[in-house]
Amino acid sequence: MAAPSLHHPGFLLANLKVDSPNKTLAQRCQDLIKIIDDYHAKELHAIFSWLVESVFGSLDGVLGGWNLRLLHSRCGDFAPIVDFLKPSGPMMKLVYKLQAEEYKYEVPVNYLPAPVKTSIQEGVLPDCPLFHNRPHFPMSGILTLNMALNPFEFFIFYFASCLITPKNSPGSQHGGTTDSAYFVLADMYLKYFLPTEGSVPPSPFSDSKGSVSTPAQRSANISLAGHGLPSPSLLKHHIFLQPSVNADPAAQEIWRSETLLQMLVEVWLHHYSLKMYQKLQSPQVKEPFSPSEEHVLAVRLLVKHLHAFSNSLKPEQPSASPTHSHAQAGPLEEFKRVALQRFVQQKLFLFLQHCFGHWPLDASFRAVLETWLSFIQPWRYAGDKRAHLPAGSGRCDPDKWESFVQENLLVYTKLFQVFLNRAVRMDLVNAKNALMLFRVAKVFCQPDLADMIHKAEQLFLEPELVPHHRQPRGYLTPGQGGGFLSSRQRITTDAVFRVKSHVYALEGQDCQYKQMFGPELRAAVVRLIQVVAQARHTAKRISDRSCQAAASKSLLSWLTAPSSDSSVGLCGVEADESNECLRKTHEFLDRALENLCTVFKLNQGQLTQLTANSTSSEDDGQSERLPDCVVGERGLVLTDLGRMQIINGLRRFDIQFQGDPELQPIRSYENALLVRFLYWMSSLLNAQFEGPLTELCSRTDFAGHLCQHYLTSPDPAVLARTPASPRFWDTKRRVGVSLRPLASYRTILLLAFAYAAGAFLSFGPVSSTLLILAAVFLHGVAVTLWAGKWKRH
C-alpha cells in the first residue's frame, strides 16, 4: 500500500497541531514560511482558519494565540513574528493565495459588535456595507447564523478582534502597551493599506482572469429569501467605485483599503447604537461593553493615521467643468475625501460619548482625552512631512478647516460640556488631572478655533432655507447664469445644511441644542473656574504645610509617634516629589485659567473676582469645618458640593477610631508581636481583676480619679464630636489594664535609655525599674491634680 501523501490537507493540519506546541514562535514562523511557499492553495485552505486562530486567539477568549499584545521588542520572538505578519510578509502572501481562489471562511454572528449582531438577527440591513449580503445559514439549521468572509476580511476581523477579546492567558487582562507587536503591526497595516503617499501596492497573486476579483464584483453568497432577512435586490449600492475587470489596477485594489478601515471601525468603535444613544443619554446607563485603556490607545492610533491619510489628498486641479472635478480623481483620492465622514464620524462620537460618561475619575482618562483631542485637531497631521508647505500650515486655518468643524460640531461642543461635568468632580490638586484640564483649555484656545465653533453654532440656529437634500459642491459661475451673490448664498446654504444634517443625525430632529457659548455653559465654566481656584488654594496650603513640616524636623523627630493629622506627601510620594507635583499643579491650573478666560472672553477683573470669592471662605481656619452635608435617616449624607470639597481637599471629616482602643489596627510605630502578646496579657489581668478595678474607678475621691487616669479608655464625649452614627455616642468608658503602650518603639527606646542611664549611675535593674515606676506614678498624680483643678475652674 502506498504511503499517505504528505500534501493531503488533513495530514498537514494534524502535523501542525502536533508539532507547534513543542516549538518556539520563531521556529513556528520558519516552518510556516516553508509551508506557504511549498503548498498549493487547496492544502493551505484546510489550515487557514486554524492558523489565524492560533495567531490571534479564539473569538471566545479561550485560546490566547501568540499574545501579540504582550510581545515587546525586547523579546527574542518579536522580530520573526512581526516579519511573518507584516503587510508584505508570508502570512499576507498566504491570504492573497487563498483570495485568488475565492475561498470563504465563516464567523459566527454572535461575535460581531452588538449593534451589527442585533441588526442581522432582527432582519435589518446593517449600515456598514462590509456586512451586506454576508449572512450564511449552515446545513445543520438556522440556529447558528454565520458570516461568510473572504480570506482578507477573515484575517483582518481576527486581527481587530484580538484587541477587544478578553483572554484567559496569564497577564493578558492587564493588556499591553503601545510598543507591543500588536500596535506595531496595526501601524504597519494602516500605513500600507491607507498610504499617505503613492498608492496601495498591488496583490502579488492573481486569478485566471488576470486580477483578483473584488468583493464588490461578486454576487451574494446565498439567497436570503424565506429567512426573514432583506433581499439583495433592496440593498443600496456601495458609495465607492465598483471596479470592473478592465478598470484601472488601482481601482481593483482599493477594496483592501476599504475593508481594513471598515473592519477596524466596526470592531473597535461600533459597540453603541445610535438608537440607544438618542433614547438614553445618561452616565448611569449600563452598557455591556467597556473599552480598556489599551483599546482606546489603538483607537487614537487609528484616528491620527486617518487624519494624515485624509490630509494627503491632492489639491483639486482647475477644470472647465467643476461638477466633474471629483470624478477625475482616482478611487484612492475619493476614498481619502470621504473616509472620515462616511465611516468614522458617527461611531467615534458615540464611542467617545460613552467613555466620557462612564470612565473612572482617575488619570487613565488621559487616553480617552488625547483620542478626542487628536480627532478635533486634524491640522496637527497636515503637511508635517511635506517640506514645500509654508511654515505654520498645521494651524487651524478657517479657510481650510471650517467645513470640518461644521461637520463635527457635536464632537467639539457636546463632548466639551461632558468634560466640564467631569472636571468639576476631579481632584485638580493632582498634577495629572490638572494636566488634563490644561490640555483641553490649551486646545480650545488655539487661534480661530473658538470663532469657527461659534460660527458653526450660528449656522445651526439659522432657519431652514432649502429642502433637505445635498446641494452640489460645484456652484454656478456668473457665466452660467449665477451671480456672485447667488454663489455666496449657495455656500452659506451648503454650510447650514452640513451643520444641521450632522446634529440631527446624532441628536434627532427634536433635539435641544446647548450652545457652547450660551449662558448655561458659560455658568458651568464659571463654576469650573471657581473649583480651579479652590484647588490652587488647597495646593498652596498643602505646600505650605509640607515646607513647615520639613523645617521643623529635628534629629530625634523620628522618636515621637506619628499623629493622625501630620502632613503627608501628595499621592503617597516623598516630600520633594510632592512639592514638584504641587509646583506642576500650580503651573497647569494657572495656564488653564488663562486659556479658559481667552476662549470665553473673561477679562482679568472678572477672573480676579471669581478666584477671590471662591478662596475667601476657604481659609485655613475654616478649612477644618465639615464638608457640606444633609441629615438623612442613617446619619449625615454628602451633597454634591461636599463631594467636591472632599475631592479637592477643601474640607474633611475628622475621622477617629471609635471602637475598643485595644483592637485598633497595628501601627507602623508598633511591634506587631508585642502588641498581640501584651493584648493577651491585658485580657488575662482584666478577666482576673475586673471587679476590684471597676470598684476602684467608680470612687469619687483622689484615688478613684488616679485609677481612672491609668485604667480607663478616653472619654467618649471626645469621640462624639465626629460625624458618626449616634450609636457610638453612648459608649461607656472601658475599665481595665492596657499594656499596649509598651509595644511602641518609642516606649521601648525610652526604657532602653532609662536603663542605660541607670547603669551609668551604678543603679541595678531592680532599682532602675522602681525609679521608672515612681516617675510614671508621679506623672499620673500631677495629671490628676491638674485635671481636678481645671474642672473646678
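Salt bridges and burial

Analyst: Glu-370 and Arg-366 meet through their side chains in a salt bridge, 2.8 Å from N to O. The model is predicted, so local features need pLDDT of at least 70 and side-chain atom pairs count only at pLDDT 80 or more, while totals for chains, interfaces and linings use all residues. Residues are numbered from 1 along each chain as its sequence is written, and side-chain values use heavy atoms, with hydrogens and water left out.

User: Why is the contact between Glu-370 and Arg-366 called a salt bridge?

Analyst: The term requires a side-chain nitrogen of Lys or Arg within 4 Å of a carboxyl oxygen of Asp or Glu. The N to O distance for Glu-370 and Arg-366 is 2.8 Å, so the pair meets the rule. The two residues are 4 apart in helix H13 (residues 365-375), which means about one helical turn separates them. Helices are DSSP runs of H or I with at least four residues, strands are runs of E with at least two, and both are numbered from the N terminus.

User: What makes Glu-370 buried and Arg-366 partly exposed?

Analyst: Buried means under 20% relative accessible area, exposed over 50%, and partly exposed in between, with a 1.4 Å probe and protein chains only. Glu-370 has 7%, so it is buried. Arg-366 has 31%, so it is partly exposed.

User: How do you know that Lys-414 forms a salt bridge with Glu-507, and what does the pair tie together?

Analyst: The closest N and O atoms of Lys-414 and Glu-507 are 3.2 Å apart, so the pair passes the cut-off. Lys-414 lies in helix H15 (residues 409-423) and Glu-507 in helix H18 (residues 484-507), so the bridge ties together parts that are 93 residues apart in sequence. Both Lys-414 and Glu-507 are buried.

User: How many salt bridges does the rule give?

Analyst: The count comes to 22.
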